[in-house]
Amino acid sequence: MASEADLKMDMAISRMLRAGVSIAAFVVLAGWSLYLWQAHGVGPDYLHFHGVPSPADRLTPVFEGIRHLDSSSIIRLGILLLIATPIMRVAFCVYSFAVQKDKVYVLISSVVLTVLLYSFFRR
Amino acid sequence: MIEFSSAVLLTSFFAGLLGALTGLGGGVVIVPALALLFHVDLRYAIGASLISVIATSSGAAVAYVREGFSNVRIGMFLEVATTLGAVGGAYLAARVSTPAIGIIFGVTLLYSAWSSFREPPNETPHPPNALAEKLKLSGDYPADNGRVAYLAQNVPAGFGIMFIAGILSGLLGIGSGAVKVLAMDHAMKLPFKVSTTTSNFMIGVTAAASAGIYLGRGYIAPGLVAPVMLGVLAGSLLGARLLVRIRVPVLRVVFAVVIVALGVEMIYSGATGRL
């Protein structure tokens, strides 16, 4: 029942997820190694919530931080890459369904993509 | 600092290992572990767990999608419900008090433990279903005797339960795999293999929908997220490999006891205001 086009889409999704998770994990590992190396004495306090609506998670400050070899910014980049992985997967599905001329699923996957992009960029 | 980080890394590794072996996911273990053992604020624990959930779901989905178990169309259709729920849940997380979140978490843990023992329903031949056919909620998956075809049933009920699964995911920072499987194998009557793997495939997208909002709220603490994400990911990858070799039933009993204990402790801590 699964068509050739669906099988091709499945393989592409599989490769995309593997690449995304591997790259994100590598960046987080690199940032965390630097973080532990730079750390002195007591670490940050996780016992109490500070709730800073962190502007540091926007892309510009993250890249700014990386230029100064700020380990937290490198970890943040890895986290952003990880969150982007499923978003890219859904964007790719919109494209694949469009190629297959499957209008219903172009609509359905576009709704999912809109919700994801809303959540990601609303800050 | 180094001690704290290595202890968190090790705990996350075991959480990921157990989560993969039982199919419940690492999130349900790591949140109570961080909150109860390390006394991390529940919001940081939930944020770190949510990020690790994206990693493990996407990591495991690599094999499931390639081998043709996960159904991309069914997953995409139900992701409309889970992502909307997840955004709602992430908003709720800021309005519900921490003790109340602890209690909801505890109840979800008890439900997950119970559900891991429930027998999957018998697979019966599926009658035609107009809505499911229109939405192409069908497929086939590899089994011992060739490919087995299936068609979804009770589509609105499944969609509704998925919305609740999304809310829980956004509120508690977990994949809520147990609720997703409930929607797919009990309501929609999908084969067990298809519902578990499609559920896993959906978890990454659902979690990504609340992650953006968590970031904006400062729930994501990089120094904590890094060991949790790397530990849970490594543990769950090892768990997925071990799964083919070791006997799961014994392990399920052990794990269910751990989950029940964590659930009771979360409810107790929440009710006595210690979270």
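Is B:Pro32 buried or exposed? In this predicted model, B:Pro32 is buried, because 26 other C-beta atoms lie within 10 Å and the cut-off for a buried residue is 20 or more. The residue sits in helix H2 of chain B, which covers residues 27-37. Setting aside neighbours within four places in sequence, B:Pro32 is in contact with B:Leu262, B:Glu265 and B:Met266. B:Leu50 is 18 residues from B:Pro32 along the chain, and the C-alpha atoms of the two are separated by 13 Å.

**Chain B as a whole**

Chain B holds 11 helices and two strands. Read from the N terminus, the order of its elements is α-α-α-α-α-α-β-β-α-α-α-α-α. The C-alpha trace spans about 55 × 40 × 30 Å along its principal axes. The radius of gyration of chain B is 18 Å, which agrees with the value near 19 Å that a compact globule of 275 residues would have. Of the 275 residues in chain B, 60% are buried. Taking contacts between residues at least 6 apart in sequence, 81% join residues at least 24 apart.

Helix H5 of chain B runs over residues 98-115; its 18 residues should span 26 Å at 1.5 Å a residue, and the end C-alpha atoms are 25 Å apart, which agrees. The buried residues of H5(B) are B:Ile101, B:Gly102, B:Phe105, B:Gly106, B:Thr108, B:Leu109, B:Ser112 and B:Ala113. Seen down the helix axis, these buried residues fall within an arc of 170°, so they line one face of H5(B). An α-helix has 3.6 residues a turn, so residues three or four places apart point the same way.

The strands S1(B) and S2(B) form a hairpin, with two residues between them. S2(B) covers residues 146-151, runs antiparallel to S1(B) and is joined to S1(B) by six bridges. Within this pairing, B:Tyr141 stands opposite B:Val148 of S2(B).

**The side facing chain A**

On chain B, 56 residues are in contact with 56 residues of chain A. The elements of chain B that each supply at least two residues to this side include helix H1 (2-22), helix H3 (42-66), helix H4 (72-95) and strand S1 (138-143), as well as helices H9 (192-217) and H10 (222-242). The residues on the side of chain B that touches chain A divide by class as follows.

| Class of residue | Number on the side of chain B that touches chain A |
|---|---|
| nonpolar | 35 residues |
| polar | 14 residues |

Terms used. Residues are numbered from 1 along each chain as its sequence is written. Chains are lettered from A and ligands numbered from 1 in the order in which they are written. This is a predicted model: local features need pLDDT of at least 70, side-chain atom pairs count only at pLDDT 80 or more; totals for chains, interfaces and linings use all residues. Two residues are in contact if their C-beta atoms, placed from the backbone, lie within 7 Å. Helices (H or I, at least four residues) and strands (E, at least two) are DSSP runs, numbered from the N terminus. Ala, Val, Leu, Ile, Met, Phe, Trp, Tyr, Cys and Pro count as nonpolar, Asp, Glu, Lys and Arg as charged, and the others, Gly among them, as polar. Two strands pair if DSSP finds at least two bridges between them. The radius of gyration is taken over C-alpha atoms; the globule rule is 2.2 Å times the number of residues to the power 0.38. A residue is buried if 20 or more other C-beta atoms lie within 10 Å of its own, exposed if 12 or fewer, and partly exposed in between; C-beta atoms are placed from the backbone. The expected span of a helix is 1.5 Å times one less than its number of residues. The arc is that of the directions from the helix axis to the C-beta atoms.
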